[in-house]
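Hi there,

Here is the structure I promised to pass on to you. Have a look at it first, and my notes follow below.

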Amino acid sequence: MGTLLQDMRYGVRMLMKRPGFTIIAVLALALGIGANTAIFSVVNAVLLRPLAFGEPERLVMVWGSAPQLGYDLLPATAPETVDWREQSKVFENLAAFKSWAWTMPGTGGPEQLWGARVSASLFPALNVKPILGRTFLPEEDREGGAKVVVMGYGLWQRSFGGEPSIIGRTIALSGQSYTVVGVMPQGFKFPGGENMLAGLQFSPKTELWEPLQLTREELGARGTHNMAVIARLKPGVTLRQAQAEMTAVALHLGEQYPKFNKGLGVKLVPLHEQVVGNVRPALLILLGTVGFVLLIACANVANLLLARAASRQKEISIRTALGASRMRIIRQLLTESLLLSVMGGTLGLLLAMWGIDALGALIPETVPRADEIGVDARMLGFTLLISILTGLVFGLAPALQASKTDVNEALKEGTRGATAGLRRNRFRSVLVISEVALALMLLIGAGLLIRSFMRLQQVNPGLDPRGVVAMEISVPSIAPSNYEKPEQQ
C-alpha cells in the first residue's frame, strides 16, 4: 500500500509538470467516458433494470397468433380470455385489459384521463399493492358490478392534493359516479404505452383503472379481437412448458369453435421482451457507436503517452540503472494512466449527468421506461469500471514500450535508441491507423443515417400536409351521456 501511495504521489507530480498534456488527455477521456455513461444510463433504465413488479421474470403476455394471415401477435377476444383461464394449468393468474378514457370535470374545465379497464386479477398478477385502500374484488368485475376505480399516484396528487380521505369518495367520470377504492404507488402506470402492446393503443399516461366487467354480448363476440392479456407463470413452470400447453389449448379451441378459432394459435412473450423489444436494437447500436468514440479517445491518449514516454527515456533509464525492475516501471506508468482515466471519468460523469437531462428532453414519451432514466448505483459502478478499463487499455501498451529501454544507449549524451525509436514509431503508426479506421466507420455510418433520413423526408405521402392539424376527440358514449347515439357522436 505504501508503494502504491508513493506511485500515486509521484504520478500526480509528473502530471502537474505537464498541465497541457494532462488537460488534453483528461478532456479526450471525459468526452468518451461521458458519452458512454450517458447512453449506458438509457440502456440501464430501459433494458437492464428489472420491471417494477414482484418476480417480473414470471410475467408473460398472452397473444393470439395467425401467421398465415400475417398476424404474429393478435389481440384476444373476450371469450378467449375466459377459455385460456379455465383450460390452462400453467398460470397462477391471468388478466385481460383494454384501453379506456374518461372525462373528469374540474375547476379549469373538463380533463381527459387515460387508463384501462382491467380484470380484477390484474393487480395480483403483477404482484403490486396500492399505497392506499385496495384493488378490485372479484364480484366488482362481473357485469352489473359496482362502479369503482383505482387511481394513479400522479392523479391523486394533482387533482386531490394527496388527501388520504380520497378512499371511499365518489367522483364524476364521463357523467357517471365512481367510488375510489385505491391509489397505486408512484411510478406505476401499467399498461405503459402503445410500443409495449403491438396492435393496441395504450396511452403512456395511464393513471386510472376500472373493472373490466365483461357483458354477455362481449363474452359471445368471438370475432372481436380487442383484448390484451397478461399472465403470471406458476413457480417452476418454464416459458417452453407454458407455450406447449397453450398451443394444445389453441388446437382444442380450434376444434371447438372452427368458425372463429381454426388455424389460430397462442404465443407467449415475456413481459420484459414485450416492453423493450422494439427499442433494444437501436439502443445497442447507439451503445456500440459511443464505444467506438471511447476507443478513438483511448488511441489518442495512447499516442500522447508514447510521445511523452520518449521525453522521459532518460528518467526511466536512470531509475532502471538504480535498480528499478521493469515491472516496477510499468506499474508506475500504469498508475499515471489510471490517474488520468479517473480524472477523465470524474469529469465524464459530470458531463453524463448533464447529458442525461438533455436526452430526457429528446426521448419521446412512447419510448418505454423513459421516465426511469437517471443516476443510480449501477451507473456509478459502470463509470468507475469503464474508467479503470480505459486506463489499462490506453496505458498498458505505452508502458510496455517505454519500459523496453537500452540503459547504456539512453544514458549517453545526445544519443537515442534507434531500435526503440523504430519500435515506438511502428506502434504509433498502428494507433493512428486504428484511429482513422474507427473514425471512418463512424463517419460512414453517420452519412448513411443522414442519407436515409433525407430520403424519408422526400417521400411523397400522397397529400399536402402543410397547414393541416390532426387531433383526437373522445366523447363519453356510456349512458347517461349526450353522445350515446352514433349520429350524436
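This is a predicted model: local features need pLDDT of at least 70, side-chain atom pairs count only at pLDDT 80 or more; totals for chains, interfaces and linings use all residues.

Helix α5 itself spans residues 153-160, and its buried residues are L155, W156 and F160. These residues lie on the same side of α5, because the arc they cover around the axis is only 100°.

Now for the chain as a whole. It has 489 residues, 42% of which count as buried, and its secondary structure comes to 15 helices and 11 strands. If you take the contacts between residues at least 6 apart in sequence, 78% of them join residues at least 24 apart. The accessible surface is about 25700 Å², with 62% of that belonging to carbon and sulfur atoms.

How many cavities of 30 Å³ or more does a search of the whole structure find? The search gives two. The second largest cavity has a volume of about 60 Å³. Its lining is made up of G64, S65, L74, E80, W84, A250, L253, N261, L264, G265 and V266. Sorted by class, the lining of the second largest cavity holds six nonpolar, four polar and one charged residues.

Enjoy exploring, and do write back with your thoughts.

Best wishes

Note on methods
Residues are numbered from 1 along each chain as its sequence is written. Side-chain values use heavy atoms; hydrogens and water are left out. Helices (H or I, at least four residues) and strands (E, at least two) are DSSP runs, numbered from the N terminus. Buried means under 20% relative accessible area, exposed over 50%, partly exposed in between (1.4 Å probe, protein chains only). Contact means heavy atoms within 4.5 Å. Accessible areas come from the Shrake-Rupley method with a 1.4 Å probe; for residues, only the protein chains shown count as cover. On a 1 Å grid over the protein atoms alone, a cavity is a set of points where a 1.4 Å probe fits but cannot get out, and a pocket is an open set with protein on both sides within 12 Å along at least five of seven lines; lining residues have an atom within 4 Å of a point. Grid points are joined across faces, edges and corners, and a volume is the space filled by probe spheres set on the points. Ala, Val, Leu, Ile, Met, Phe, Trp, Tyr, Cys and Pro count as nonpolar, Asp, Glu, Lys and Arg as charged, and the others, Gly among them, as polar. The arc is that of the directions from the helix axis to the C-beta atoms.
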